[in-house]
Amino acid sequence: MFYAPVLFNTLGFKNDASLYSAVITGAVNVVSTVVSIYSVDRLGRKMLLLEAGAQMFLSQLVIAVIIGMKVKDHSEDLSKGFAVLVVVLVCIFVSAFAWSWGPLSWLIPSEIFPLETRSAGQSIAVCVNLLCTFVIAQAFLSMLCFFKFGIFLFFSGCVLIMSTFVLLLLPETKNVPIEEMTERVWKQHWLWNRFIDEDDCVKEEKVVTGN
């Protein structure tokens, strides 16, 4: 999304076409974010992340195949039909990101930490999020020149790892009050309950009840 005009121009789009394509993906991003607002509390965080993970993985995989087969060092090899298909696939990727990983990477850290560690946990989550965004923004163009179509395989692999983490390790927090997060989420999880200190749970319960 940062370098959409550059990416489309690299694939053989004219300057105006690459700019229009970037505007289209930006519009898809905005509309899909609105979808997230209305669906996150109905479908749940985990469901949105997993569905979007599959959608993002497949779209990047198909883009990599198309570019690997049709685009050489000179991008005139990409026909108009395939160019339109790439734009559609990028929009599919952007829509999935915008109604899941984009907003939920801010929402979930704000609600999933216990009361006594919420400030520190949220601070670390925001710092890591912005740091990774900075790294990707700095590295993408160099990676595109070096990996070419392989960059989409690289990021599809990242999406696969992310989705596997969500499937196995991320608890669902839909309709769970913040003050009950430890008792109803962390203590019920098959892995994270091993790291819950009962004494800390008692202290948190006293803080919540005012006793």
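Modeller: Happy to! The protein chain has nine helices and zero strands. Keep in mind as we go that this is a predicted model.

Colleague: Thanks! What pattern does the protein chain follow along the sequence?

Modeller: Reading along the sequence gives α-α-α-α-α-α-α-α-α.

Colleague: And how much of the protein chain counts as buried?

Modeller: Of its 211 residues, 37% count as buried. The accessible surface of the protein chain is about 12400 Å², and carbon and sulfur atoms account for 69% of that.

Colleague: What share of the contacts with a separation of 6 or more comes from residues 24 or more positions apart?

Modeller: For the protein chain, that share is 68%.

Colleague: Let's go inside. Which residues of the largest nonpolar core touch the most other members?

Modeller: Look for Phe8, Ile63, Val90, Ile151 and Phe152, out of the 23 residues in that core. At least two residues of the core come from each of helix H1 (4-10), helix H3 (45-70), helix H4 (80-98), helix H6 (118-147) and helix H7 (150-169).

Colleague: Which helix gives the largest share of this core?

Modeller: That would be H4, with seven residues. Apart from this core there is another one, made of 18 residues, including Leu48, Trp101, Leu104 and Ile108.

Colleague: Changing topic: how many cavities of 30 Å³ or more does the structure hold?

Modeller: One. The volume of the largest cavity is about 30 Å³.

Colleague: Which residues line the largest cavity?

Modeller: The lining is made by Ser105, Trp106, Pro109, Gln122, Ala125, Val126 and Asn129. Helix H5 (101-112) and H6 each provide at least two of the lining residues, and H6 has the largest share, with four.

Colleague: How do those lining residues divide into nonpolar, polar and charged?

Modeller: Four are nonpolar, three are polar and none is charged.

Terms used: Residues are numbered from 1 along each chain as its sequence is written. This is a predicted model: local features need pLDDT of at least 70, side-chain atom pairs count only at pLDDT 80 or more; totals for chains, interfaces and linings use all residues. Side-chain values use heavy atoms; hydrogens and water are left out. A nonpolar core is a set of buried Ala, Val, Leu, Ile, Met, Phe, Trp, Tyr and Cys residues joined through side-chain atoms within 4.5 Å. Buried means under 20% relative accessible area, exposed over 50%, partly exposed in between (1.4 Å probe, protein chains only). On a 1 Å grid over the protein atoms alone, a cavity is a set of points where a 1.4 Å probe fits but cannot get out, and a pocket is an open set with protein on both sides within 12 Å along at least five of seven lines; lining residues have an atom within 4 Å of a point. Grid points are joined across faces, edges and corners, and a volume is the space filled by probe spheres set on the points. Ala, Val, Leu, Ile, Met, Phe, Trp, Tyr, Cys and Pro count as nonpolar, Asp, Glu, Lys and Arg as charged, and the others, Gly among them, as polar. Contact means heavy atoms within 4.5 Å. Accessible areas come from the Shrake-Rupley method with a 1.4 Å probe; for residues, only the protein chains shown count as cover.
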